[in-house]
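Visitor: Hi! I'm new to this one, could you walk me through it?
Guide: Happy to, let's bring it up.

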Amino acid sequence: KKRLEEDFGVPVVIVNDGEAAGYKLAADVSVAEEEVTNTLYLVLGTAMASSYFNKEGKLDNRILHELGNVIIDIAPNAFEHTFTKNRGAAQQYVSQYGVTNAAKICGIRFPENMPDYAKAKFVGRLLTEPQAVCKEYKLSEDASRLKEKAEATYRLLGRYIAALVLEMNCILPVKHVRLTGGVTLGGSDIFIDEARTILTDANID
């Protein structure tokens, strides 16, 4: 921090990635004059980042930065956190990891030697251009069937998101949820609708 301030001659603040994304949202909603009270902000990327706006609409930088560590699946065979190794941690459910893991549950088989970072995009392409993907990777499975599996994957992701939000709502009041990040570029209409259907009963939008 001190070195950066000396090199650039400006004040420097070092914050968590979720908090930084929260500041961006705060700026956006300020311009749009939107309300963000009791709002949970989730960044769905390779992993997951988060921030929370309290009842006064202020970014509370003391809490909810590492929601990826929150346990949302207590099954003995729950997915294992990449770093902590804790099973059932949200990082493996609400992120690109989550898309990949949900796809496996829904029966999608990834091409051999496909790197992990490419798998979520692969699922997204199965949703939007299944025939082209089948041709490119020489897949023998029917394209329409693969599209159905991709749709099921995103519905499952929506249920994961809802599970995390409902758990957080037991700790802090959550009235609104905002999503951003790379995962929202594919299948977002499906997983948002699925999550919204569940969260509506809890008066969360």
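Predicted model: local features only at pLDDT ≥ 70, side-chain atom pairs only at ≥ 80, totals over all residues.

Visitor: Let's start with strand β1. Is it mostly covered or mostly open?
Guide: Mostly covered: β1 spans residues 39-44, and six of its six residues are buried.

Visitor: Which residues sit on each side of β1?
Guide: T39, Y41 and V43 are on one side, while L40, L42 and L44 are on the other, and both sets are buried.

Visitor: How does β1 pair with β3, parallel or antiparallel?
Guide: Parallel, over five bridges, with β3 covering residues 176-180. L40 has V177 as its bridge partner there.

Visitor: New topic: the largest nonpolar core. Which members touch the most others?
Guide: V94 and L164, out of 47 residues in that core. The elements giving two or more residues to the core are β1, β2, α3, α4, α5, α6 and α7.

Visitor: Which of them gives the most?
Guide: α6, with 13 residues.

Visitor: What does L164 touch, leaving out residues up to four places away in sequence?
Guide: L42, M48, L67, V70, I72, A90 and V94. There is also another core apart from the largest one, with seven residues, including V36, V43, A49 and F53. As a general note, nonpolar side chains tend to be buried together in soluble globular proteins.

Visitor: What about K149, buried or exposed?
Guide: K149 counts as buried because its relative accessible area is 11%, under the 20% cut-off. This lysine is in helix α6, residues 143-169. Setting aside neighbours within four places in sequence, K149 contacts C106, G107, I108 and E141.

Visitor: Then N54, where is that one?
Guide: N54 is in the loop between β2 and α3.

Visitor: Why does N54 count as buried?
Guide: Because its relative accessible area is 19%, and buried means under 20%. Not counting residues up to four places away in sequence, N54 touches V36, T37 and N38.

Definitions and conventions. Residues numbered from 1 in each chain as written. Heavy atoms only, no water. Buried < 20%, exposed > 50% of the residue type's maximum accessible area, 1.4 Å probe, protein only. Helix = DSSP H or I, 4+ residues; strand = E, 2+ residues; numbered from the N terminus. Pairing = 2+ DSSP bridges. Contact = heavy atoms within 4.5 Å. Core = buried A, V, L, I, M, F, W, Y, C linked by side-chain atoms within 4.5 Å.
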